[in-house]
Amino acid sequence: MASGERTFTEDARRAQIIDCTIKALATLGYRQASMARIAELSKITPGLISYHFGGKDELIDAVVAHVVKLATDLMVPRILAQTTAADALRVYFETNLEFMRLHREPLLALVEIITHDRDGPYAKQQETALADIEKVLAWGQHTGEFRDFPLRPMAIAIRGAVDAVPGHLLNDPDLDLRTLAAELSTVFSLATRRTP
């Protein structure tokens, strides 16, 4: 059902199902988050989920889109507001980890999806994330803030550092994300900056 064809009530029901799916994925795990369990959490029938999403694959796609939108709405405006590439890279780390702090359940749901469906809806988003980091790095090289280095390997290292954080959060929910963001910013500032 295209979004232009849905009523306010249908949009609200879809949002409710997405939220319950996030909760199910974050608390039960991917394998246990069946349509029946999600329906139970949503207080609706599995058939109603199928009506709104068609099936579990479409529902998972909608969850990924929702979580990615939460992240990009938080991060992108703040990154784009920076006047230097070095500041944009710093804010990239700060906003990624702020998202993790503010949106723990959606983050854990996304980790479950990525872990159990590597070729699923998030695979394309990973490429987009790397390309966005490469743009910041290219900007810094163009302005002379950053040294010359191959963009893709550095982007993979940066994304890898961010992607390592959720695993640590599972084991240490009190992990100081502000300090970690500052340290990651320092490490990659040193790794990218042009030296005299």
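The model is predicted; local features need pLDDT of at least 70, side-chain atom pairs count only at pLDDT 80 or more, and totals for chains, interfaces and linings use all residues. Residues are numbered from 1 along each chain as its sequence is written, and side-chain values use heavy atoms, with hydrogens and water left out. Helices are DSSP runs (H or I, at least four residues), numbered from the N terminus.

**Helices α1 and α3**

- The axes of α1 (residues 8–28) and α3 come within 10 Å and cross at roughly 115°. Axes are lines fitted to C-alpha atoms over the stretch in contact, with angles from 0 to 180 degrees between N-to-C directions.
- α1 and α3 are therefore roughly perpendicular to each other (65 to 115 degrees).
- Their crossing is left-handed (the near helix is turned anticlockwise from the far one by less than a right angle; clockwise is right-handed).
- Glu 10, Arg 13, Arg 14, Ile 17 and Ile 18 of α1 meet Leu 48, Ile 49, Tyr 51, His 52 and Phe 53 of α3. Contact means heavy atoms within 4.5 Å.
- By class, this contact has 6 nonpolar, 1 polar and 3 charged residues. Ala, Val, Leu, Ile, Met, Phe, Trp, Tyr, Cys and Pro count as nonpolar, Asp, Glu, Lys and Arg as charged, and the others, Gly among them, as polar.

**His 52**

- His 52 lies in α3 (residues 46–53).
- At 7% relative accessibility, His 52 counts as buried. Buried means under 20% relative accessible area, exposed over 50%, partly exposed in between (1.4 Å probe, protein chains only).
- Leaving aside residues up to four places away in sequence, His 52 touches Glu 10, Arg 13, Arg 14 and Ile 17.

**Lys 43**

- Lys 43 sits in the loop between α2 (35–42) and α3.
- At 75% relative accessibility, Lys 43 counts as exposed.
- Lys 43 is not a glycine, yet has a positive phi of about 60°. Most residues other than glycine have a negative phi.

**Helices α5 and α10**

- The axes of α5 (residues 85–102) and α10 (residues 177–192) come within 9 Å and cross at roughly 155°.
- α5 and α10 are therefore roughly antiparallel to each other (over 145 degrees).
- The crossing of α5 and α10 is right-handed.
- Residues in the contact include Leu 89, Phe 93 and Leu 97 of α5, and Leu 180, Leu 184 and Phe 188 of α10.
- By class, the contact of α5 with α10 has 9 nonpolar, 2 polar and 4 charged residues.

**Helix α6**

- The 13 residues of α6 (residues 104–116) should span 18 Å at 1.5 Å a residue, and the end C-alpha atoms are 18 Å apart, which agrees. The expected span is 1.5 Å times one less than the number of residues.
- The buried residues of α6 are Pro 106, Leu 107, Leu 108, Ala 109, Leu 110 and Ile 113.

Definitions and conventions
Helix = DSSP H or I, 4+ residues; strand = E, 2+ residues; numbered from the N terminus. Parallel < 35°, antiparallel > 145°, perpendicular 65-115°, else oblique.
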